[in-house]
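Hello,

Here is the structure we talked about. My notes follow below it.

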Amino acid sequence: MDAVSACEVAPAAPAALQPAVVRLLGRQPYEPVWRAMQRFTDARTDATVDELWVVEHDPVFTLGQAGKDEHVLAPGDIPVVHVDRGGQVTYHGPGQIVVYPLLDLRRIGIGVREYVCRIEQAIIDTLLEWNIIAARREGAPGVYVGDAKIAALGIRVRRGCTFHGLAFNVDMNLEPFQRINPCGYQGLQVTSVLDLGGPSGMEPVQRVLLDELARQFGLALRTDPALPDLSSAA
């Protein structure tokens with residue numbers, strides 16, 4: 001089964017859109033945001049409204065639960081954080097849109113595989129806004145343009161609720177990816193929206209991406225200026 005046939009998804013069409021809160025965190029260090037989404041997920045109930053957190057991280061390498069230290073080649077002055085998501089190693093830094101969907105999959109009515117497919121599709125459809133043709137690869141979650149990866153996924157699901165999420169390269173220094181085997185693949189090339197002729201600003205890409213995520217998951221988005229508690233306590 002190829003990646004296309006495995007991920008044939010249409011935008012969600014629920015009887016009514018589910019409300020969801022968007023929080024724009026700006027630029028933040030990684031660990032406080034990670035701890036905050038853990039706390040949010042642990043504390044949520046069946047009545048908790050879903051949220052999408054949008055953030056731009058300070059430079060950091062994150063290594064997933066199955067991650068192997070051998071894929072971190074030469075981190076230099078960039079910290080390496082071992083985290084509780086799936087996947088191997090990736091890089092976050094300025095010029096990259098990171099979205100953490102904090103969703104109740106039971107309420108939406110989809111499973112984990114479809115959740116991943118829908119995130120990928122939202123990114124693919126976002127890139128189409130600038131006539132950039134992207135695709136997914138079977139067995140290698142994320143979104144690719146040609147042989148280069150433009151967006152990475154790393155997720156965790158606890159009691160049917162998601163945290164962690166996606167990292168989408170828009171206008172960033174890609175050099176740190178040379179210090180790792182991205183997502184555990186030696187020599188994997190990476191690219192960005194700007195390198196492919198898209199906009200240099202984050203805002204237009206972020207706006208379209210949020211619209212596409214809302215379409216895929218049947219969400220009615222509302223932006224709340226309040227930030228989550230970003231204290232680093234676990």
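This is a predicted model: local features need pLDDT of at least 70, side-chain atom pairs count only at pLDDT 80 or more; totals for chains, interfaces and linings use all residues.

Strand 3 (residues 60-63) and strand 4 run parallel and are joined by three bridges.

Mean pLDDT for the protein chain is 91. Of its residues, 94% reach 70 or more. Residues 1-5 are another matter: pLDDT stays under 50 there. For that stretch the model has six contacts beyond four places in sequence.

Asp-104 sits in the loop between strand 6 (96-102) and helix 3 (105-108). Is Asp-104 buried or exposed? Its relative accessible area is 3%, which is under the 20% cut-off, so Asp-104 counts as buried. Leaving aside neighbours within four places in sequence, Asp-104 is in contact with Arg-44, Asp-50, Gly-160 and Cys-161.

Cys-161 is buried too, because its relative accessibility of 2% is under 20%. What about disulfides? A search of the whole structure finds zero. Cys-161 is in none, and the nearest cysteine sulfur, that of Cys-117, is 20 Å away.

**Helix 5**

Helix 5 covers residues 202-217, 16 residues in total. From first C-alpha to last, helix 5 reaches 22 Å. That is close to the 22 Å expected at 1.5 Å a residue.

Which residues of helix 5 are buried? They are Met-202, Val-205, Gln-206, Val-208, Leu-209, Leu-210, Glu-212, Leu-213, Ala-214, Gln-216 and Phe-217. Note that Gln-206, Glu-212 and Gln-216 are on that list. As background, an α-helix has 3.6 residues a turn, so residues three or four places apart point the same way. Just after helix 5 comes Gly-218, with a positive phi of about 65 degrees.

Best wishes

Terms used
Residues are numbered from 1 along each chain as its sequence is written. Side-chain values use heavy atoms; hydrogens and water are left out. Helices (H or I, at least four residues) and strands (E, at least two) are DSSP runs, numbered from the N terminus. The expected span of a helix is 1.5 Å times one less than its number of residues. Buried means under 20% relative accessible area, exposed over 50%, partly exposed in between (1.4 Å probe, protein chains only). Two strands pair if DSSP finds at least two bridges between them. Contact means heavy atoms within 4.5 Å. pLDDT is the predictor's confidence in each residue, from 0 to 100. A disulfide is a pair of cysteine sulfur atoms within 2.5 Å.
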